[in-house]
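Me: Could you go through this structure with me slowly, one question at a time?

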Amino acid sequence: MKHNTVASLFFLGIWILVVFNSCRSENSKEVSVSSITQKKIDSLNRYYDFAFKDSNDKGKKLKALDHFLKGAKVLNYDSLQYKGFILQTKLLNKYGDTPKAIEQSYRLLEFAKQNNDSFYIGKALYKLGLYNKRLDNYLEAFQFYNESFKINRNIKDSTIAGKCLMEMANIHIAFGDHNASKTTATDGLKYLENSTEYRTISGLYHGISISFYELGNQEEALLWNSKILHLCNDSIAKKNIGIHNLPIFNNFRANILAEQQKYAESIDILQALLKEENVIQKRTQYAQELSNLGYIKFLQNPKNPESETMLLQALDIREQEEDIFGLFNSNIHLTKYYRDKNIEKAKHHAYKAYQSLDGFEDYEALLEVLTLITELNPDSLEDYQRFKDASLKLMQLRKKTREIYAPTRFENESLLKQNEEKNLKISEVRNQNTIYLLGMLLLVTGIGFVIYFFRQQMRYLNQENKIIQFQASYETETRIAKRLHDELGNDIFQVMMQYQNDPHDPQIKDKLNKSYIKARDISRENNEFEIGDTYAEELSNMLQNYTQNGIQLIAIGFDTIDWNKLDKTIKITVYRVLQELMTNMQKHSKASLVKLVFSNTKDFLNIKYTDNGVGVTEEHVKSKNGLRNTENRIRAIRGTLIFESEKDKGFTAEIQIPN
């Protein structure tokens with residue numbers, strides 16, 4: 001029994017020893033495998049570090065990255081592959097091979113989608129937006145930025161979400177859609193509240209400032225520009241924004257002040273910029289400040305002998321630097337400088353500006369230079385056609401970008417509304433106190449007194465306006481009734497008689513179809529239309545509907561009007577009055593060209609209508625129901641309408657409406 005026990009213990013010990021050694025062997029193998037993998041990763045990282053170093057040859061850097069990505073794929077390490085794709089696309093774009101950068105960004109996107117990695121899906125989409133924008137593929141860029149924004153919004157990355165909206169707002173600016181840009185940039189700021197992303201915040205401020213400037217609201221433009229400069233008072237924010245970007249904001253401030261005719265302040269800013277070391281070293285920036293200074297000195301004093309020298313010197317620098325967009329701006333400045341001094345030189349620089357845009361899809365800039373060209377060369381139908389084509393293309397692009405962002409913005413508003421509702425509930429609990437109630441009581445009392453005195457003052461004016469509005473409505477109804485009787489009643493009566501004589505007469509169908517078309521036209525002229533966010537598009541489409549049978553329409557300043565700020569009654573009146581003028585033109589004037597000029601001052605909205613038709617006498621104007629009706633509509637909103645026309649000398653109508 002004793003021997004059996006000893007034997008059993010002996011074999012048990014041997015078994016434990018074997019198992020122990022086996023475990024040590026397995027651990028040894030794992031350590032060995034792990035060690036080999038780490039060595040491979042270290043080896044791959046040497047390729048990456050070589051590619052990352054700026055001083056190395058670009059061809060060798062890209063080749064090193066290829067080795068890195070192939071090795072990362074073999075090891076099946078996602079993080080290494082992401083790291084490689086990010087650096088590779090950045091370098092390809094930096095070295096000018098943007099199409100290849102786009103191709104690799106698509107590979108990054110597909111890889112991220114395979115892994116269902118939202119962070120890198122958003123990054124890849126952002127890169128595709130960035131690189132397409134560099135190739136002037138603005139619409140494609142807008143779509144990618146929009147998709148990236150939605151991903152980053154959903155994963156709560158407000159920094160990248162804000163950047164996407166900034167880039168989208170800038171594309172709106174490139175398309176001249178300044179109302180949309182202002183809206184998109186304001187949305188972007190909501191994602192960066194209380195953040196330290198000062199560069200993106202300053203970019204959004206700058207975009208809003210540009211939009212207000214282009215819409216003619218220089219006070220608001222200056223306010224948003226001041227927000228950027230106020231940010232730069234903080235040293236950390238200034239460093240984040242970048243000292244090299246400060247001249248851009250100061251230069252734009254000078255432009256705003258010049259637009260306000262504060263020429264001395266504007267000139268002081270530009271002269272100070274020309275003395276800054278970083279501006280002197282960057283020749284393209286120096287040329288920009290010099291050209292602006294020469295042009296603003298010209299605005300201050302058209303006989304200023306320095307202006308021409310400065311403008312030509314800036315042009316020379318830009319030619320040496322091959323600064324395409326700089327050349328465009330220089331030639332625009334010189335066109336305006338020579339416009340009243342030397343018409344041939346003005347034309348020369350206008351066409352030079354036009355030629356500099358060849359190969360670029362910058363339709364906003366194209367529209368700017370073609371406006372000048374058509375003014376300098378009014379007999380060129382070819383230039384008018386180019387203007388019309390560029391205008392239509394720009395409207396299509398604006399419409400498409402709005403259609404892309406509209407659903408996204410609806411989602412944003414739903415999410416923001418939920419947050420606002422939560423905050424509102426908290427606020428309601430905190431603010432239910434006696435002081436609040438007393439304040440409300442005083443406010444209501446004050447409003448009551450204001451309303452009482454306002455009603456007393458406006459009662460007489462309202463009564464007068466009601467009479468005018470009733471007269472306009474009555475004349476509209478009378479005109480519709482007369483058209484139904486004259487144009488449709490007789491036609492239908494003739495068809496009925498023809499049917500009684502011969503029910504199988506083939507002409508009956510054609511005549512009924514013509515009657516239907518007439519009825520449809522009458523309906524379209526008096527149907528309802530949208531007066532909300534899409535009002536500008538509705539108005540533009542209505543005007544374009546009249547450009548048939550060889551009629552050309554030129555609309556200048558249409559996009560400078562902030563239509564969303566106008567009162568509903570003004571929108572309706574403008575639509576109906578312009579519709580009446582265009583209908584009158586189409587039916588009676590025999591015009592081939594119609595020109596509409598829109599402008600907005602602090603107090604008035606101004607619209608000037610001109611056509612080259614047969615014109616009418618003053619007595620004929622007074623006898624026309626439609627034209628009398630337009631005058632009544634304008635009077636109803638306390639505006640003025642002045643007709644000017646002579647027989648065979650065209651027709652002009654000037655409209656002025658209080659804002």
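Predicted model: local features only at pLDDT ≥ 70, side-chain atom pairs only at ≥ 80, totals over all residues.

Me: How far apart are the end C-alpha atoms of helix H2?
Reply: Helix H2 covers residues 58–75, which is 18 residues, and at 1.5 Å a residue these should span 26 Å. The distance in the model agrees with that expectation, since the end C-alpha atoms of H2 are apart by 26 Å.

Me: Within what arc do the buried residues of H2 fall, seen down its axis?
Reply: The buried residues of H2 are Lys61, Ala64, Leu65, Phe68, Leu69, Gly71 and Ala72. Seen down the axis of H2, they line one face of the helix, because they fall within an arc of 165°.

Me: Which residue caps the N-terminal end of H2?
Reply: The cap is made by a side-chain oxygen that lies 3.1 Å from the backbone nitrogen of Gly59. The residue that supplies this oxygen is Asp57.

Me: Are helices H23 and H24 roughly parallel or roughly antiparallel?
Reply: Helix H23 (residues 535–544) and helix H24 (residues 568–589) pack with their axes 10 Å apart, at an angle of about 10°. Angles under 35 degrees count as roughly parallel, and therefore the description of H23 relative to H24 is roughly parallel.

Me: Is Ala346 buried or exposed?
Reply: Ala346 is found in helix H18 (residues 343–356), and beyond its neighbours within four places in sequence it is in contact with Thr335, Tyr338, Arg339 and Leu376. Buried means under 20% relative accessible area, and because Ala346 has 0% relative accessibility, it counts as buried.

Terms used. Residues numbered from 1 in each chain as written. Heavy atoms only, no water. Helix = DSSP H or I, 4+ residues; strand = E, 2+ residues; numbered from the N terminus. Expected span 1.5 Å × (residues − 1). Buried < 20%, exposed > 50% of the residue type's maximum accessible area, 1.4 Å probe, protein only. Arc of directions from axis to C-beta. Polar contact = N/O pair within 3.5 Å; in protein donor to acceptor, adjacent residues only side chain to side chain. Axes fitted to C-alpha atoms, helices over the stretch in contact; angles between N-to-C directions. Parallel < 35°, antiparallel > 145°, perpendicular 65-115°, else oblique. Contact = heavy atoms within 4.5 Å.
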